[in-house]
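Biologist: I would like to learn how to read pockets, cores and helices in a model. Please take them one at a time.

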Amino acid sequence: MQTDSNGGRAMSGDVRAFEIVRAGVEDVEMVVPLFDAYLQFYKLPSNEEAARRFLHARLLKGEAVIFLAVEESATKNTSRVALGFTLLYPTWSSLSMKPWWNLNDLYVVPAARQRGVALALMERARRLAEETGASGLGLETAKDNFAAQKLYEQLGWKREEEFFRYEFHV
């Protein structure tokens, strides 16, 4: 785990601080429950073993970047607890001829919401784009995920209205 010096400060009266770290292969076990909860949020069945294999492969092959929001545990069973994550995939923009990041997943555990966790994860993703000379970041969210849409718009993200998005499933 690589520590990011620009972590977050807890809000809503909670005095515990959290920090944003870049996850490595050794951190997959911290990400798996969050990723599985994210899948369930989008009405997919729970499958932690498949999530484990998927995440491990993406990190091992350098195909993705995962940032975790973590805080010190209140119990002695574990030293740190994960509050949320964002998973980004690198790609290229032909129009700008520069790197582009796909912010594919963002999830915060319900107990940690309203503490600035999603904001800190989004900010770290933005910094990654800047650090890598990318022309930007893109993301998708469900049409009824109003809380996420509000956050994105508050951060200056613009809803795409110039292009249509098509899919072809095989």
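Biologist: Which element gives the most to the lining of the second largest pocket?

Modeller: Rolling a probe the size of a water molecule over the atoms shows where empty space is left. A pocket is an open set of points, on a 1 Å grid over the protein atoms alone, where a 1.4 Å probe fits and protein lies on both sides within 12 Å along at least five of seven lines; lining residues have an atom within 4 Å of a point. Here strand S5 gives the most to the lining of the second largest pocket, with seven residues. Helices (H or I, at least four residues) and strands (E, at least two) are DSSP runs, numbered from the N terminus. H1, S5, H3 and H4 each supply at least two residues of that lining.

Biologist: What do the numbers rest on?

Modeller: This is a predicted model, where local features need pLDDT of at least 70 and side-chain atom pairs count only at pLDDT 80 or more, while totals for chains, interfaces and linings use all residues. Residues are numbered from 1 along each chain as its sequence is written, and side-chain values use heavy atoms, with hydrogens and water left out.

Biologist: What is the volume of the second largest pocket, and which residues are the closest to its centre?

Modeller: A volume is the space filled by probe spheres set on the grid points, which are joined across faces, edges and corners. For the second largest pocket this is about 920 Å³. Of the 31 residues that line this pocket, Leu106, Ala118, Ala147, Ala148 and Leu151 are the closest to its centre. By class, the lining has 19 nonpolar, seven polar and five charged residues. Ala, Val, Leu, Ile, Met, Phe, Trp, Tyr, Cys and Pro count as nonpolar, Asp, Glu, Lys and Arg as charged, and the others, Gly among them, as polar.

Biologist: Is alanine 148 buried or exposed?

Modeller: Buried means under 20% relative accessible area, exposed over 50%, and partly exposed in between (1.4 Å probe, protein chains only). Alanine 148 has a relative accessible area of 13%, so it is buried. Its place is in helix H4. Alanine 148 and leucine 106 are 42 residues apart along the chain, and their C-alpha atoms are separated by 9.1 Å.

Biologist: What about the largest pocket?

Modeller: About 1,100 Å³ of space lies in the largest pocket. It is lined by 23 residues, and Leu139, Glu140, Lys158, Arg159 and Glu160 lie nearest its centre. The lining has ten nonpolar, six polar and seven charged residues.

Biologist: How many residues does the largest nonpolar core have?

Modeller: A nonpolar core is a set of buried Ala, Val, Leu, Ile, Met, Phe, Trp, Tyr and Cys residues joined through side-chain atoms within 4.5 Å. The largest has 24 residues, and Leu88, Trp101, Val117 and Leu121 have the most contacts inside it. H3 gives the most to this core, with seven residues. Apart from it lies another core, of 21 residues, among them Phe35 and Leu68.

Biologist: How do I check the span of helix H1?

Modeller: The expected span of a helix is 1.5 Å times one less than its number of residues. H1 has 14 residues and should span 20 Å; its end C-alpha atoms are 20 Å apart, which agrees.

Biologist: Where is valine 32 found, and what is it in contact with?

Modeller: Valine 32 is found in helix H1 (residues 28-41). At 1% relative accessibility, valine 32 counts as buried. Contact means heavy atoms within 4.5 Å. Leaving aside neighbours within four places in sequence, valine 32 is in contact with Glu48, Ala51, Arg52 and Leu55.
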